[in-house]
Amino acid sequence: MERILLFFAAMLAGFALLRVPLTGTFAALEPITSILGVITVLVFSLALIYLGVRNLIKR
């Protein structure tokens with residue numbers, strides 16, 4: 001159960017990276033944070049889907 005909550009929290013952090021407004025000197029980092037956010041959301045959502053399917057097959 002802890003692993004699922006950790007994956008969900010990481011996925012929410014990925015969404016936060018996508019939505020964070022960067023201005024001023026940090027504006028140049030916006031493409032990097034967007035790419036990291038997309039990768040984070042994809043990886044951890046796929047991990048949650050994998051755990052769910054594995055749990056369904058086990059039953």
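Phe 15 is partly exposed, with a relative accessible area of 40%; buried means under 20%, exposed over 50% and partly exposed in between (1.4 Å probe, protein chains only). This is a predicted model, in which local features need pLDDT of at least 70 and side-chain atom pairs pLDDT 80 or more, while totals for chains, interfaces and linings use all residues. Residues are numbered from 1 along each chain as its sequence is written, and side-chain values use heavy atoms, without hydrogens and water.

Phe 15 lies in helix H1; helices are DSSP runs of H or I with at least four residues, numbered from the N terminus. Together with Phe 8, Leu 12, Leu 18, Val 38 and Leu 42, Phe 15 makes a nonpolar surface patch of about 520 Å². Such patches join nonpolar side chains within 5 Å, from residues with over 30% relative accessible area and no salt bridge (Lys or Arg side-chain nitrogen within 4 Å of an Asp or Glu carboxyl oxygen). Areas come from the Shrake-Rupley method with a 1.4 Å probe. H1 gives the most to the patch, with four residues.

There is one aromatic pair (ring centres within 6.5 Å; planes under 30 degrees apart are stacked, over 60 edge-to-face, the rest tilted). Phe 7 and Phe 44 form this tilted pair, 5.6 Å centre to centre with 45° between the planes. The pair links Phe 7 in H1 (residues 2-19) to Phe 44 in H2, 37 residues apart.

| Residue | Relative accessible area | Class |
|---|---|---|
| Phe 7 | 17% | buried |
| Phe 44 | 24% | partly exposed |

Technical notes:
Rings of Phe, Tyr and Trp (its six-membered ring) pair if their centres lie within 6.5 Å; planes under 30 degrees apart count as stacked, over 60 as edge-to-face and the rest as tilted. Helices (H or I, at least four residues) and strands (E, at least two) are DSSP runs, numbered from the N terminus. Patches are made of residues with over 30% relative accessible area and no salt bridge: like charges are joined within 9 Å, nonpolar side chains (Val, Leu, Ile, Met, Phe, Trp, Tyr) within 5 Å.
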